[in-house]
Amino acid sequence: MKVISHRGASGYAPENTLKAFRLAVEMGSKDFEFDVHQTRDGILVVHHDFDLKSTAGQDVKIAELDYADLRKFNVAAHFKRDTTTQHAPRLEEALDVIWPAADWLNFEVKNDKNVYPGIEEKLLAFLGSKPGLFERTVMSSFDHGTLRRFRELSPRLKLAYLGHGLSTALLLPAVKRAEAVGAVNFHLALRIAFKLNVQKIKKAGFWVGIYTVNTRKDALRMKEIGVDGIFTNHPDILTLKS
Ligand code: G3P
Ligand code: MG
């Protein structure tokens, strides 16, 4: 079972920052997940939400900021255990940190309602910037249109399905949607990561990853039921006490 650092080692350092990615690498991560957005002037950046409320405490949208302005915000402000200032990194800065260690990368593209038109083309061009990067990448999005556009642009790109508010009852329709777009991975919320659900998805032929698994007990349960990978804020989760 892969142990995938989720937004870097985000249990120990401010999420989706170079500090969190450096720490994940130091802790031995080889598998990485991070969230991608685009600034007003077209720079690909790593951050979770569309706005800076939960990180810098400011009600401002990334889509409405040029990158030079985004850099002025301290996205570590929410992380009280860390008094350093951190900026939302450019995608290429984050990649520079994790690439030497990376076996597997999951770019989660935050593009609800296509708020960043053209981001798919830009990301595909980015994947061509390092030999081997395309092959090690899985592209995911909660936005199905984004997955469809990736598929139209690239028949070979590995895609992962993510579903908002999925329930056990809605799982089979979701599996159909994932199949329709040619996804190879299905990333499922821990909330409904029951053995039968995982088995249903695996039976359809998908690689199954579960987010976000932050206790050792849950991690071991996921291993037991045959999950292929877990997304965790604690890259050392399998050695934690609880
Ligand atoms: O990609 C897995 C997981 O990160 C999806 O949810 O909200 O943490 O980006 P979220
Ligand atoms: Mg994510």
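At what angle do helix α1 (residues 18–26) and helix α3 (residues 91–98) pack, and how far apart are their axes? The first view answers this. The model is predicted: local features need pLDDT of at least 70, side-chain atom pairs count only at pLDDT 80 or more, and totals for chains, interfaces and linings use all residues. Residues are numbered from 1 along each chain as its sequence is written, chains are lettered from A and ligands numbered from 1 in the order in which they are written, and side-chain values use heavy atoms, with hydrogens and water left out.

**View 1. Helix α1 packs with helix α3.** The angle is about 15°, and the axes lie 9 Å apart. That makes α1 roughly parallel to α3 (angles under 35 degrees count as roughly parallel). Axes are lines fitted to C-alpha atoms, for helices over the stretch in contact, and angles run from 0 to 180 degrees between N-to-C directions. Helices are DSSP runs (H or I, at least four residues), as are strands (E, at least two), numbered from the N terminus. From α1 come Leu 18, Phe 21, Arg 22 and Val 25; from α3 come Glu 93, Ala 94, Val 97 and Ile 98. Contact means heavy atoms within 4.5 Å.

**View 2. Helices α4 and α6 cross at roughly 50°.** Their axes come within 9 Å. Glu 120, Glu 121, Leu 123 and Leu 124 of α4 meet Thr 146, Arg 149, Phe 150 and Leu 153 of α6.

**View 3. Phe 126 is found in helix α4.** Phe 126 is buried, with a relative accessible area of 13%. Buried means under 20% relative accessible area (1.4 Å probe, protein chains only). Leaving aside neighbours within four places in sequence, Phe 126 is in contact with Leu 91, Glu 92, Leu 95, Phe 107 and Leu 133.

**View 4. Three residues coordinate the magnesium ion (ligand 2).** They are Glu 33 (OE), Asp 35 (OD) and Glu 108 (OE), at 2.0 to 2.2 Å. Asp 35 lies in strand β2 (residues 31–38) and Glu 108 in strand β6 (residues 104–109), so this pair ties together parts 73 residues apart in sequence. Both Asp 35 and Glu 108 are buried. Donors are N, O and S atoms within 2.8 Å of the metal (3.2 Å for Na, K and Ca); water is not among the atoms, so sites may look incomplete.

Methods
Buried < 20%, exposed > 50% of the residue type's maximum accessible area, 1.4 Å probe, protein only. Parallel < 35°, antiparallel > 145°, perpendicular 65-115°, else oblique.
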